[in-house]
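Welcome, and thanks for taking a look at this one. Please have the sequence and the 3D view side by side as you read.

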Amino acid sequence: MAGAISGRLGRLGPTHHKFDATGEAAWVRYTLIAVAVLFLTLFLFVPLASVFYEALRKGVQTYWEALVEPDALSAIQLTLTVAAIAVPLNLVFGVAAAWAIAKFEFPGKNLLTTLIDLPFSVSPVISGLVYVLLFGAQGWFGPWLEAHDVKIMFAVPGIVLATIFVTFPFVARELIPLMQAQGSEEEEAAIVLGASGWQTFRHITLPNIRWGLLYGVILCNARAMGEFGAVSVVSGHIRGLTNTMPLHVEILYNEYNFAAAFAVASLLTLLALVTLGIKTLVELRARKEHQAAATEHPLAALQGQAS
């Protein structure tokens, strides 16, 4: 029977190839490539080039002065500080949530998965408004916070909270399918052999998820530095105190200070490009390791791809 099936497949092979996606006419492939390149040029490369052109149009001296201006330095420092706080917290939450969802069965598991996706479906402006309703002067906890001289809204804590909310799905969503695909057999074997929970995580789980974890952290950091909507609601737009880089760009642009606005925007763009470069390197490294594993253990690699 195997011979009959292979014979039929052999006879169907040439006919099937005519309908294969890679067997399209050359003009179809070139047209699709041209459309993709045109789209990227109009909506990606041209805007990027215009940002740097406008930033440097009045000279390097003007560009540098816009970046070292006190309010700009404060915005840069605040952006990096918020990212430095939000990303590690989301890292801890993402690993814990992914571990719980992928390795255990418990009541409310589907609800937790749904809540993790909540920031993807809710507007960042709405999430910022929620914090205002909770911690603002007229909010639920506002009078108590004011009585105890605790300032959350229109201050750094509110910006950190809003940033954490809009960025917490990235690490968890990157790790959950990865951990589910890997299963829990290796962890169970390690525990049976006497390893503690921390030893199992450090020696078994972490090496298996390190590239996915790093990828999620990179995406989380990029979103944290570029977040505008939620931060705009909770910051109060206080220059030199609660303005992050995106908010500072908006203020400069509204004041018709285009050179300074594009200068700060170009720095934000450079941070995004660096993040993209790191993300690409992580993907290449992970692909190389997968190819090496496929060479050494082809059956295991095929099972991993199937899962």
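Which residues line the largest cavity? In this predicted model, the lining consists of Thr79, Val82, Thr163, Ala224, Met225, Glu227, Val231 and Thr244. The volume of the cavity is about 40 Å³, and a search through the whole structure turns up one cavity of 30 Å³ or more.

Now let us step back to the chain as a whole. The protein chain has 16 helices and zero strands. Of the contacts with a separation of 6 or more, 71% join residues 24 or more positions apart. The exposed surface comes to about 18,600 Å², with carbon and sulfur atoms supplying 69% of it. Of the 307 residues, 33% are buried.

How far can you trust the coordinates? The pLDDT averages 84 over the protein chain, and 88% of the residues score at least 70.

| Stretch | pLDDT | Contacts in the model |
|---|---|---|
| Residues 298–307 | under 50 | five beyond four places in sequence |

Where pLDDT is low, predicted coordinates should not be read in detail. Happy exploring!

Terms used. Residues are numbered from 1 along each chain as its sequence is written. This is a predicted model: local features need pLDDT of at least 70, side-chain atom pairs count only at pLDDT 80 or more; totals for chains, interfaces and linings use all residues. Side-chain values use heavy atoms; hydrogens and water are left out. On a 1 Å grid over the protein atoms alone, a cavity is a set of points where a 1.4 Å probe fits but cannot get out, and a pocket is an open set with protein on both sides within 12 Å along at least five of seven lines; lining residues have an atom within 4 Å of a point. Grid points are joined across faces, edges and corners, and a volume is the space filled by probe spheres set on the points. Helices (H or I, at least four residues) and strands (E, at least two) are DSSP runs, numbered from the N terminus. Buried means under 20% relative accessible area, exposed over 50%, partly exposed in between (1.4 Å probe, protein chains only). Contact means heavy atoms within 4.5 Å. Accessible areas come from the Shrake-Rupley method with a 1.4 Å probe; for residues, only the protein chains shown count as cover. pLDDT is the predictor's confidence in each residue, from 0 to 100.
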